[in-house]
Amino acid sequence: MQNQRVLITPPDLSNEKSLKTLVENRSVYTLNHCELNIFETYESSKLVPLKFNDFVVTSMLRGKKVMHLFDEPGFDYLPGETVVIPSNIEMKIDFPEASKENPTQCLALAIDTTKITETLDFLNERYPKKGSDNYWQLNYQNYFFYNNVDLASTISKLIKECTSTSITKDVIADLTLQELLIRIIQTQTAKSLDDGAVLQSNNPIFEVTE
């Protein structure tokens, strides 16, 4: 299930004259309950720090990074892959191949804690999972995964809404944020099954797959 990467169509790169820096040049789109950041890097660099105050969903759009997280060994981060990061966790990022001819581009979507809590409470109340200890929740240990079609499509919708000038963009983005959280939990669950992390006889997903 997790051996195919689905790419997200990247937005256009920034005009060269508008660049403020060649390392992690940032374009920001702020909505009521989220903030979309598009980062572009045009020269090789190492251990660039980055931290957000909110839970953040990141996806690679172009090029290659090496991510350092949670004091673990660095790993290659490529288009078609997503990393979710809890609030106030510092990333350190290498750009081994970045250049003006081969820039990296990555999105980071910071989501308000209240929006996450509201969405998870709604899901657990209206669509409870079977089992007394089985809840809709984000798995912060399962933070790296390949995009599937549904996840890539939802992220693409959020890019479109966040960067639009429509007066309804906040409303549509709010609904799409709920969808994104569901897609992330589904993707994490599928990856955990592939990894054998939740193959337990009392797990309803295990029973269905068996």
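The model is predicted, so to speak plainly about limits: local features need pLDDT of at least 70, side-chain atom pairs count only at pLDDT 80 or more, and totals for chains, interfaces and linings use all residues. Residues are numbered from 1 along each chain as its sequence is written, and side-chain values use heavy atoms, with hydrogens and water left out.

**Cysteines**

- Searching the whole structure turns up zero disulfides (a disulfide being a pair of cysteine sulfur atoms within 2.5 Å).
- Cys34 is in no disulfide, and its nearest cysteine sulfur, that of Cys162, sits 4.0 Å away.
- Cys34 counts as buried, at 4% relative accessibility (buried is under 20% relative accessible area, with a 1.4 Å probe and protein chains only).
- Cys162 counts as buried too, at 1%.

**Largest cavity**

- There are two cavities of 30 Å³ or more (a cavity is a set of points on a 1 Å grid over the protein atoms alone where a 1.4 Å probe fits but cannot get out; lining residues have an atom within 4 Å of a point).
- The largest has a volume of about 50 Å³, the space filled by probe spheres set on the points.
- H2 (149-162) and S9 (104-111) each supply at least two lining residues, with H2 giving the largest share, three (helices are DSSP runs of H or I, at least four residues; strands are E, at least two).
- Its lining has eight nonpolar residues, no polar and no charged, including Leu36 and Val57.

**Second largest cavity**

- About 40 Å³ of space lies here.
- Among its lining residues are Phe39, Lys65 and Cys106.
- S5 (65-68), S8 (91-95) and S9 each give two or more residues to this lining.

Technical notes:
Buried means under 20% relative accessible area, exposed over 50%, partly exposed in between (1.4 Å probe, protein chains only). On a 1 Å grid over the protein atoms alone, a cavity is a set of points where a 1.4 Å probe fits but cannot get out, and a pocket is an open set with protein on both sides within 12 Å along at least five of seven lines; lining residues have an atom within 4 Å of a point. Ala, Val, Leu, Ile, Met, Phe, Trp, Tyr, Cys and Pro count as nonpolar, Asp, Glu, Lys and Arg as charged, and the others, Gly among them, as polar.
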